[in-house]
Every structure is written in C-alpha cells, then in structure tokens.
Amino acid sequence: MAELRAREAKLVQYLNEAFGKEKQLETALEAHIGMATRPTYKKRLQEHLRETKGHARDVERRIKQLGGTPEPVAVPGPDIVSEAAGKAEEIVMKGVALAQGSLHAVRGTGESERQLKNAKTEYSSEAEEIAQYTSIETVANAVGDRDTARLARGIRRQEERMASFLERVIPMLAKEVVQEEIPASERNGGRRRSTASRNGSARSGGSRRTAASSRSRSGSSPRSKSSSKSGSSPARGATSARARTSSKASSASRGSRSKASSASRGSRSKAARSGSRSK
C-alpha cells in the first residue's frame with residue numbers, strides 16, 4: 001500500500017478517532033437502552049444507536065476511500081507495525097467500552113438517578129463528537145476534500161440534534177430524581193416559609209400604612225374644617241358688602257334719573273303755559 005500524503009494521513013487520523021468514539025458509543029448506548037424506562041427517552045436512544053452504527057459504517061468507508069485502514073487509533077498508518085498497534089488499541093478500547101457499559105448498569109441509587117447519569121454521560125459524548133466532526137469538516141474544507149467535509153457535516157448535524165434532545169430531557173430526569181428520592185415535605189418547604197414570611201411582612205406593612213393613613217385623616221379633618229370656615233366667612237362677607245354697595249348705587253342712580261325726568265317734565269309744562277298766555 002502506497003504511503004499516504006500528508007493531507008490524507010491527517011484526515012484518516014481524525015476519522016479514525018471519530019470511528020473509535022462511535023464504536024464506544026454503540027456499546028454505551030446498548031447498556032443505556034436496557035436501563036431506560038421513560039418511553040420517549042428510550043425511543044430516542046434506540047434511534048441514535050441506529051444513527052451511531054450508520055456513522056461508524058460511513059466513517060469506515062471514507063477511511064478506506066482515502067487509502068487508510070479503519071482502526072480506532074490516534075495516528076493510523078499503512079504499515080504492518082501500525083496495523084498491529086491499531087488492533088491492540090482496538091481491543092483495549094472495546095474492553096473499556098464494555099467495562100463502562102457494565103459500570104453504567106449499576107450506577108446511581110435509583111431508577112431515575114441512573115437514567116439521569118446516563119443522559120449526562122451521553123451529552124458529554126455528543127459534545128466530544130460534535131468537536132471531532134467540526135474539526136474534520138474544517139480540515140477537509142481547508143485541503144479541498146469536499147466529500148469528507150460533506151460526510152462530517154452531515155454526522156455533526158445529527159449529533160447536534162441528539163445533544164439538543166438531551167438538553168431537554170436532562171431537566172425532566174432531574175425532576176424525577178427529586179420526586180423519587182426527596183420527601184414531599186422537603187421539596188417546597190423553604191418556598192412556603194419564604195412566601196409566608198413575605199405575606200406576613202406585607203400584612204404588617206399594610207396595617208402600619210392603614211394606621212398612619214387613619215391618623216393622617218383624623219388629624220387633618222379639624223384643620224380642614226376650621227380652615228374652610230375661617231377662609232370662607234370673610235369671602236362671603238366681602239361678597240355681601242359688594243352686593244349691598246352695588247344695590248345702593250343702583251337705587252341712587254334710579255333716584256337721580258327719576259328726579260331729572262320730573263324736572264324735565266316740569267320745565268316743559270311751564271313753557272307750554274307761558275306760550276298759551278302769550279297767545
């Protein structure tokens with residue numbers, strides 16, 4: 001087998017790292033599915049196990065197309081020594097995956113606790129795979145390998161969807177742990193005490209404000225009444241005085257007009273008598 005060029009060797013290295021992670025995740029998912037009791041969570045794990053096996057097949061195929069050997073080692077090579085080292089590493093990694101699966105089967109104190117810990121482990125694995133395939137896509141684009149970039153991008157998107165699902169399911173599983181392992185009397189006790197304390201403070205504060213308001217009203221009423229009386233009496237007196245003055249002035253004016261009218265009629269009468277005597 002011809003020696004790989006630098007760009008293919010680097011891509012094969014990264015693809016083999018991803019290939020090894022996919023094989024580990026297969027074993028872990030199989031163990032987690034056996035422990036899952038939440039229907040939607042278990043169904044999604046089964047779907048992702050099928051996706052993971054498909055990822056491993058696609059990555060293995062691409063490694064071969066690039067001229068490499070599919071093996072879960074850090075730095076793969078075409079020679080016999082590298083192949084032997086790769087086989088040994090593969091055996092070790094499979095043993096680690098099996099041990100992890102067995103360990104996961106007994107972890108936690110209860111059913112919900114085991115599922116929560118498994119979900120957190122899966123989320124961590126998804127984050128690692130997203131980082132791996134992001135690196136592969138970036139390197140492939142940089143060296144002009146569109147096929148590898150397209151493969152890495154497609155797998156990364158599926159890993160991101162699984163991570164998003166786990167982000168939603170982890171809080172649900174955590175709440176189930178609370179319901180399963182924490183007595184009901186201890187779940188919201190602090191909240192109830194805090195609410196009662198706030199309500200008591202609000203009531204005492206309202207009572208103080210009500211008392212202060214009552215004192216304010218009782219203290220201000222006499223002043224208001226006296227001010228009203230003292231302030232309105234002069235005004236009414238002044239208005240009555242002006243009205244009387246205006247009435248007197250009007251009467252005087254009418255008297256003057258009456259006198260002037262009488263005088264005018266008297267003058268006209270005298271003139272008429274004088275004219276008649278002259279005739």
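## Helix α5

Helix α5 covers residues 146–181, and its 36 residues should span 52 Å at 1.5 Å a residue; the C-alpha atoms at its ends lie 51 Å apart, which agrees with that expectation. The model described here is a predicted one.

At Val169, α5 bends by about 25 degrees. A proline, Pro171, follows this residue within four residues. At the start of the helix, a side-chain oxygen of Asp145 comes to within 3.4 Å of the backbone nitrogen of Asp147.

## Helix α4 and the residue that follows

Helix α4 is made up of 32 residues. From its first C-alpha to its last it reaches 47 Å, close to the 46 Å expected at 1.5 Å a residue. Gly144 follows α4 and has a positive phi, near 80 degrees.

## Packing of α1 with α4

Helix α1 (residues 6–35) packs with helix α4 (residues 111–142) at an angle of about 160 degrees, and the two axes are 10 Å apart. Because angles over 145 degrees count as roughly antiparallel, α1 and α4 are roughly antiparallel to each other. The crossing in which α1 passes α4 is left-handed. Sorted by class, the residues of this contact are eleven nonpolar, five polar and nine charged.

## Packing of α1 with α2

Helix α1 also packs with α2: their axes come within 9 Å and cross at roughly 155 degrees. That angle makes α1 roughly antiparallel to α2. Here, too, the crossing is left-handed, with α1 passing α2. The contact of α1 with α2 divides into eleven nonpolar, six polar and eight charged residues.

## Packing of α2 with α5

Helix α2 spans residues 39–65. It packs with α5 at an angle of about 160 degrees, their axes being 11 Å apart. The two helices, α2 and α5, are therefore roughly antiparallel to each other. In this pair, α2 passes α5 in a left-handed crossing.

## Summary of the helix pairs

The pairs described above can be set side by side. Helices α1 and α4 are roughly antiparallel, α1 is roughly antiparallel to α2, and α2 and α5 are likewise roughly antiparallel. The crossing is left-handed for α1 with α4, for α1 with α2 and for α2 with α5.

How values were computed:
Residues are numbered from 1 along each chain as its sequence is written. This is a predicted model: local features need pLDDT of at least 70, side-chain atom pairs count only at pLDDT 80 or more; totals for chains, interfaces and linings use all residues. Side-chain values use heavy atoms; hydrogens and water are left out. The expected span of a helix is 1.5 Å times one less than its number of residues. The bend at a residue is the angle between axes fitted to the seven residues ending there and the seven starting there. A polar contact is a pair of N or O atoms within 3.5 Å; within protein, one must be able to donate a hydrogen and the other to accept it, and residues adjacent in sequence count only if both atoms are side-chain atoms. Axes are lines fitted to C-alpha atoms, for helices over the stretch in contact, and angles run from 0 to 180 degrees between N-to-C directions. Angles under 35 degrees count as roughly parallel, over 145 as roughly antiparallel, 65 to 115 as roughly perpendicular and the rest as oblique. A crossing is left-handed if the near helix is turned anticlockwise from the far one by less than a right angle, and right-handed if clockwise. Ala, Val, Leu, Ile, Met, Phe, Trp, Tyr, Cys and Pro count as nonpolar, Asp, Glu, Lys and Arg as charged, and the others, Gly among them, as polar.
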